[in-house]
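I opened my notebook to record what I looked up, entry by entry. The structure comes first, then my notes.

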Amino acid sequence: EAGGILGTRRNKGLEAPLCRTRLSVRRVVRQSKFRHVFGQAVKNDQCYDDIRVSRVTWDSSFCAVNPRFVAIIIEASGGGAFLVLPLHKTGRIDKSYPTVCGHTGPVLDIDWCPHNDQVIASGSEDCTVMVWQIPENGLTLSLTEPVVILEGHSKRVGIVAWHPTARNVLLSAGCDNAIIIWNVGTGEALLNLDDMHSDMIYNVSWNRNGSLICTASKDKKVRVIDPRKQEIVAEKEKAHEGARPMRAIFLADGNVFTTGFSRMSERQLALWNPKNMQEPIALHEMDTSNGVLLPFYDPDTSIIYLCGKGDSSIRYFEITDESPYVHYLNTFSSKEPQRGMGYMPKRGLDVNKCEIARFFKLHERKCEPIIMTVPRKSDLFQDDLYPDTAGPEAALEAEEWFEGKNADPILISLKHGYIPGKNRDLKVVKKNILDSKPTANKKCDLISVPKKTTDAASVQNEAKLDEILKEIKSIKDTICNQDERISKLEQQMAKIAA
């Protein structure tokens, strides 16, 4: 019968409207286990209260979370600072609570190391990147000395992002339109991509194995870059035609997901295949709000959560292989607008409660966790919600990645929950520029550092030390000789006196 109606309408030239109707009906009834994701804010006593969230006009998330700590960029007089709170440290946060406060300008972005839950990087208006080691049980005193300061940008640093699979590799992007990739273990800038962007970089995203990065820029271009070859692999001009900031992130299948604005200032999201960026795989217009959409992506479930700055809602979409490819699932709404947002890695979630995402929403004066669950009747572990996920073990050492190797994340099962292991201290050893031999043993305590290496300065220091030791020895010899002489004279004096 439906075929008959379709035939009749086609004769009357009504095929297009009918197709649209049928597509929309299909979209409504599409089966998905994430259709009924249930979002809920925690009770007041489980929030972090009385926090002066940073007022800097910068479109970063201002918050970074891992299974141990939540870090929040805050207002600070005379420099830049951020709070690091153990997850259980809820309630009112005292004004005198210690902070991480080594920057001389406001902090713009922070990112936890995926391979060590006690190491965090920060980028600041003071043009530096700093890497910090947080004590295992949190801060008892304010932290002013970073483990390493990475200097190389000539303007403020607004983006920091750790490599997903290689230990110790950190990317930073600044308002000098440069991207620098550092080996944190040696404190060196090993790659400097300073001629690929003609305008401000809005964001940078690594792909699943860290072999490529994608960037969104003020010149309205989305670029896919091979950082080690220092070449642009794919590029799309005017990915979104509006003038307001865009975002671009890699998905697990290698496609690129972008958010931006149309020429009429409507917010858009789009899906692109880097092998052919002429036309998007999918393009959706959402609304006319002017907040930048921050995308948070879960590669295990292929869900993207969009949190608009200044919005009071989180929209989520499922990415699939079937048209229209980006499927709207639902919206979590609350009353207060969000100043920023933290996103918990999968290993920090409560699998016993079927929790598939946890956000840390920043208000003006507090941080409120929001828990997303998929309601299930069974108490058993839900394999379909929790495929093996990226664990904290690095798949590569920094040197291996810089030499050209790639590796996917090392996966762990969440069947019995995730128990954080003991993290070892971050060590930074300056590399000897004269010593070009590869290190025999690349495994190290926490951060891969070349062993038995010294830098050029230390070679000079050793020479000076030798000189000083010789001088001390000669002085000691002289003193011994004088001692002998004095004792002889004393004996002679004694004889004369007798």
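Which residues are linked with Asp50 in a network of salt bridges? I found Arg92, Lys95 and Arg365 in that network with Asp50. I kept in mind that this is a predicted model.

**Entry: the network pair**

I looked at Asp50 and Arg365 first. Their side chains meet in a salt bridge, with N to O at 2.9 Å. I then checked where the two residues sit. Asp50 is in the loop between strand 2 (48-49) and strand 3 (63-65). Arg365 is in the loop between strand 29 (355-362) and strand 30 (366-373). The pair is 315 residues apart and links distant parts of the chain. Next I looked up accessibility. Asp50 has 22% relative accessibility, so I noted it as partly exposed. Arg365 is partly exposed too, because its relative accessible area is 38%.

**Entry: other salt bridges**

How many salt bridges does the structure hold? I noted 21. I picked two further pairs to look at.

One is Asp117 with Arg347. Their closest N and O atoms are 2.9 Å apart. Asp117 lies in the loop between strand 8 (107-112) and strand 9 (119-124). Arg347 lies in the loop between strand 28 (340-343) and strand 29. Is Asp117 buried or exposed? Asp117 is buried, because its relative accessible area is 3%. Arg347 is buried as well, at 6%.

The other pair is Arg358 with Glu355. I read 2.6 Å between their closest N and O atoms. Both Arg358 and Glu355 are buried.

Side chains of opposite charge can pair when their charged atoms come close.

What is the order of the four strands in the open sheet? I traced 16-17-18-19, with antiparallel pairing. Strand 16 (201-206) and strand 19 (231-236) are the edge strands, and each pairs on one side only. From one strand to the next, the twist averages 20 degrees.

I followed one pairing in detail. Strand 16 and strand 17 (residues 213-217) run antiparallel, and five bridges join them. Which residue of strand 17 stands opposite Ser205? I found Cys214 there. Cys214 is buried, because its relative accessible area is 0%.

**Entry: cysteines**

A disulfide is a covalent bond between the sulfur atoms of two cysteines. My count came to zero disulfides. Cys127 is in no disulfide, and its nearest cysteine sulfur, that of Cys175, is 9.0 Å away. The cut-off for a disulfide is 2.5 Å between the sulfur atoms. I also noted Cys127 as partly exposed, because its relative accessibility is 21%.

**Entry: a nonpolar patch**

Which residues make the nonpolar patch of about 370 Å²? I listed Leu465, Ile468, Leu469 and Ile472. Leu465 lies in helix 4, which covers residues 456-497. With 47% relative accessibility, Leu465 counts as partly exposed. Partly exposed covers the range between buried, under 20%, and exposed, over 50%.

Terms used: Residues numbered from 1 in each chain as written. Predicted model: local features only at pLDDT ≥ 70, side-chain atom pairs only at ≥ 80, totals over all residues. Heavy atoms only, no water. Patch = residues over 30% accessible without salt bridge, like charges linked within 9 Å, V, L, I, M, F, W, Y side chains within 5 Å. Areas by Shrake-Rupley, 256 points an atom, 1.4 Å probe, with all protein chains shown as cover. Salt bridge = Lys/Arg side-chain N within 4 Å of Asp/Glu carboxyl O. Helix = DSSP H or I, 4+ residues; strand = E, 2+ residues; numbered from the N terminus. Buried < 20%, exposed > 50% of the residue type's maximum accessible area, 1.4 Å probe, protein only. Pairing = 2+ DSSP bridges. Axes fitted to C-alpha atoms, helices over the stretch in contact; angles between N-to-C directions.
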